[in-house]
Amino acid sequence: MILNNIFVQSVIDIAQLAGGFIHAHYGKVDENQIHTKDLNSLVSYVDTNSETIIIERLRELLPESSFLAEESSAGLENTEYVWIIDPLDGTTNFLHQIPIFAVSIALQYRGEIILGVVYEVNQKECFHAVKGQGAFLNGSPISVKNLELQDGLIATGFPYYDFSKTEAYLKVLENLMLHTRGVRRLGAAAVDLAYVACGRYNAFFEYSLAPWDVAAGALIVREAGGQVSDFLGEENWLLGKTIVAGSEKGHAGVLKLVKEYFKA
Ligand code: IPD
Ligand code: CA
Ligand code: CA
């Protein structure tokens, strides 16, 4: 079996290596080295070099694989194994020196995510999960905390380029402000999911996300005993751009709201 301990540790090592590179460049990127991909979507050489570091090593580790990665068309081919990579999740934080950002690496086998690693660079927290084997933070098992909505925190990402559903989004937000301990917007979806997995957040929701934002984190949430769906409560969260993840109660509470306000 491919997912033995040595293989998993190698992927963790690669995430941490890229994290070390990112850390070394924190606060050192000049304004003229920052480019805009789309509205409010920034990128610098740190994102692209991190991706190169990751892809080169993963290719050595598993030559018969292809890549769905944010910053390059490194090659999504018709292979059984596909890596889904966000080389720097939280680029805007990174570039504005807000110390919350991560490397996210997931491995799909025949369309199913079987491995997820999220390495949060500044706290040096490495979250990982292997399908069917539980979820871990720096090697120790983690699990979601199944809280009533009013007893927990909710994470989200504010819309920043697709404003077509802002009204529905703000309704959900208002509701959560009124009925939870608070709402947080850290600015790194992979970290939000990892924090759900270890019980810091009761749930997370966001729309307009890409597969590399959620692939690894969603497996980690599920392996930590949590639930993941799209805004309809269905399975299309990887490619469908909407996600709700949480403990059983957290997920149910947020899903009820997004279903109500985001209905067509
Ligand atoms: C972004 C972050 C952010 C989320 C955005 C993502 P990036 O990823 O995860 O929290 O709100 O939707 O695109 O661009 O920093 O990799
Ligand atoms: Ca991202
Ligand atoms: Ca990114």
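**Note on the predicted model: core, sheet and calcium pair**

1. Largest core. Of the 43 residues in the largest nonpolar core, seven touch the most other members: Val118, Phe127, Ile142, Phe204, Ile220, Trp237 and Ile243. A nonpolar core here is a set of buried Ala, Val, Leu, Ile, Met, Phe, Trp, Tyr and Cys residues joined through side-chain atoms within 4.5 Å. Buried means under 20% relative accessible area, exposed means over 50%, and partly exposed is in between (1.4 Å probe, protein chains only). Two or more residues come from each of β4, β5, β6, β7, β8, α5 (189-197), α6 and β14 (242-246). Domain 1 (5-142) and domain 2 (149-261) each give at least three residues to this core; the domain bounds come from an automatic or database domain assignment.

2. Conventions. This is a predicted model, where local features need pLDDT of at least 70 and side-chain atom pairs count only at pLDDT 80 or more, while totals for chains, interfaces and linings use all residues. Residues are numbered from 1 along each chain as its sequence is written, chains are lettered from A and ligands numbered from 1 in the order in which they are written, and side-chain values use heavy atoms, with hydrogens and water left out.

3. Leaving out residues up to four places away in sequence, Ile142 touches Phe127, Ala135, Phe136, Leu137, Ala197, Cys198, Ile220 and Ala224. Contact means heavy atoms within 4.5 Å. Another core, of 38 residues, lies apart from the one above; Ile2, Ile53, Ile85 and Phe94 are among its members.

4. The sheet. Seven strands form an open sheet with mixed pairing, in the order β3-β4-β5-β6-β7-β8-β9. The edges are β3 (65-69) and β9 (140-142); each has a single partner strand, so one side of each is left without a neighbour in the sheet. From one strand to the next, the twist averages 20°. Helices (H or I, at least four residues) and strands (E, at least two) are DSSP runs, numbered from the N terminus. Two strands pair if DSSP finds at least two bridges between them.

5. Strand β8 (residues 135-137) pairs with β9 in the antiparallel sense, over 3 bridges. Phe136 has Pro141 in β9 as its bridge partner.

6. Helices on the sheet. Helix α2 (residues 45-61) lies across β3, β4 (81-89) and β5 (102-109), at about 150° to β4. Helix α6 (residues 211-223) also packs on the sheet, touching β3, β4, β5, β6 (112-120), β7 (125-130), β8 and β9. The direction of α6 makes about 100° with that of β6. Axes are lines fitted to C-alpha atoms, for helices over the stretch in contact, and angles run from 0 to 180 degrees between N-to-C directions.

7. Calcium ion (ligand 2). Asp86 (OD), Asp89 (OD) and Asp213 (OD) coordinate this ion at 2.1 to 2.3 Å. Their spacing in sequence is D-x2-D-x123-D. Asp86 lies in strand β4 and Asp213 in helix α6, so the pair ties together parts that are 127 residues apart in sequence. Both Asp86 and Asp213 are buried. Donors are N, O and S atoms within 2.8 Å of the metal (3.2 Å for Na, K and Ca); water is not among the atoms, so sites may look incomplete.

8. Calcium ion (ligand 3). The protein donors are Glu70 (OE), Asp86 (OD) and Leu88 (O), at 2.2 to 2.4 Å, spaced E-x15-D-x1-L. Asp86 coordinates both this ion and the calcium ion (ligand 2), and the two ions are 3.8 Å apart. Glu70, in the loop between β3 and β4, and Leu88, in strand β4, are 18 residues apart. Glu70 is partly exposed, at 24% relative accessible area. Leu88 is buried, at 1%.

9. Tyr195. This residue sits in helix α5 and is buried, with a relative accessible area of 12%. Its contacts, leaving aside neighbours within four places in sequence, are Glu125, Phe127, Leu186, Arg200 and Tyr201. Tyr195 and Val144 are 51 residues apart in sequence, and 8.7 Å apart C-alpha to C-alpha.

10. Backbone check. Gln97 is in the loop between α3 (91-95) and β5 and is partly exposed at 48% relative accessibility. Arg110, also not a glycine, has a positive phi of about 50°. Arg110 is in the loop between β5 and β6 and counts as exposed, at 60%.
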